[in-house]
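Welcome, and please open your viewer. Here is a short tour, one selection at a time.

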Amino acid sequence: MLLNTYEPWKFAFSAENDEIIKDSYGIIGVPFDSTTSYHSGSRLGPIVVREASFGFEKYNTVFNKDLTATFYDFGDVNVVPGNCEKTSQIIEDTVNELLDLELKPIIIGGEHSASIGAIKALTEKHEKLTVIHLDAHRDLAFEFVGEKYSHATVMRRAHEMGADLVQIGIRSSSQDEELFVKSTYNIQTFKNKETHKHMDALEYYLTNIDGPIYISIDMDVVDPAIAPSVGNPTPGGLRVSEIEIILETLCHKNIVGFDVVETATNRLGENTAVLAAKIIYDFLTLVE
């Protein structure tokens, strides 16, 4: 077990962590939603997503592959409720522990601020990191209700750390965020309608990305008719098949980290939790 974690449950098919195989994956949960601005409950995301993972078979019929990747579930980070900055530091320390074990982090959220610490650790390890960000929102506010560490500022912090951003599924943002995107050169956007109509262009763009990649998936990128229990549901989202295509396109790249955040429900077997578990399951099937 890592420092600052405890184990409430394990993701299905995870290996015992008594003997670590290098270049595998390490899962941590982040049960934190203290900066949530609309629908709370994502602090329960890690446990309901893990529970939902037991509904899948080891053979993935979508991709005609067995799940053969080795990964370990180290439990949940001991967060500091109400203190996003301190929690981000704990996540950064925990991800660095995973990196010291030569494991790639997978984070189950929790609100989207969970990505800040992980991206910080990875930008310090890798000279140039690209963050593939699937979300209804840009999350590029400089600060939100006076706070620099927030679910609404996570990608601004990532950009300040030197990461290139590719934002997919965007359909809600402020004018300040749009102006910021226009003022910089290293944020590429595929809004929701562009993704629906021009998936081939998105696939081509993703195929040509070089270097280490971190994938961050906010569950509100999905249409709320499919995944309703999220922090900030926004109509017009992506379809499940589009996320499958994106994951399949990226699976042969140098993926150094992955997160699925903003599942906000306390109900076992709820649609959003099942889909979040499926996204992680699909990712682990594809990366092997």
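The stops below go from a core to a cavity and then to a histidine.

This is a predicted model, in which local features need pLDDT of at least 70, side-chain atom pairs count only at pLDDT 80 or more, and totals for chains, interfaces and linings use all residues. Residues are numbered from 1 along each chain as its sequence is written, and side-chain values use heavy atoms, with hydrogens and water left out.

**Stop one: the core.** Select Ile132, Ile168, Phe258 and Phe283, which touch the most other members of the 47-residue largest nonpolar core. Such a core is a set of buried (under 20% relative accessible area, 1.4 Å probe, protein chains only) Ala, Val, Leu, Ile, Met, Phe, Trp, Tyr and Cys residues joined through side-chain atoms within 4.5 Å. Now colour helix α9 (residues 271-287), a DSSP run of H or I with at least four residues: ten residues, the largest share of this core, come from this helix.

**Stop two: the cavity.** How many cavities of 30 Å³ or more does a search of the whole structure find? There is one. A cavity here is a set of points on a 1 Å grid over the protein atoms alone where a 1.4 Å probe fits but cannot get out, and lining residues have an atom within 4 Å of a point. Select its lining: Val240, Ile243, Glu244, Leu247, Leu275, Lys278, Ile279 and Asp282.

**Stop three: histidine 112.** Histidine 112 is buried, with a relative accessible area of 0%. Leaving aside neighbours within four places in sequence, its contacts (heavy atoms within 4.5 Å) include His133, Asp135, His151 and Asp259. Finish by drawing a line between the C-alpha atoms of histidine 112 and aspartate 259, which are separated by 9.0 Å.

Technical notes
Buried means under 20% relative accessible area, exposed over 50%, partly exposed in between (1.4 Å probe, protein chains only). Helices (H or I, at least four residues) and strands (E, at least two) are DSSP runs, numbered from the N terminus. On a 1 Å grid over the protein atoms alone, a cavity is a set of points where a 1.4 Å probe fits but cannot get out, and a pocket is an open set with protein on both sides within 12 Å along at least five of seven lines; lining residues have an atom within 4 Å of a point. Grid points are joined across faces, edges and corners, and a volume is the space filled by probe spheres set on the points.
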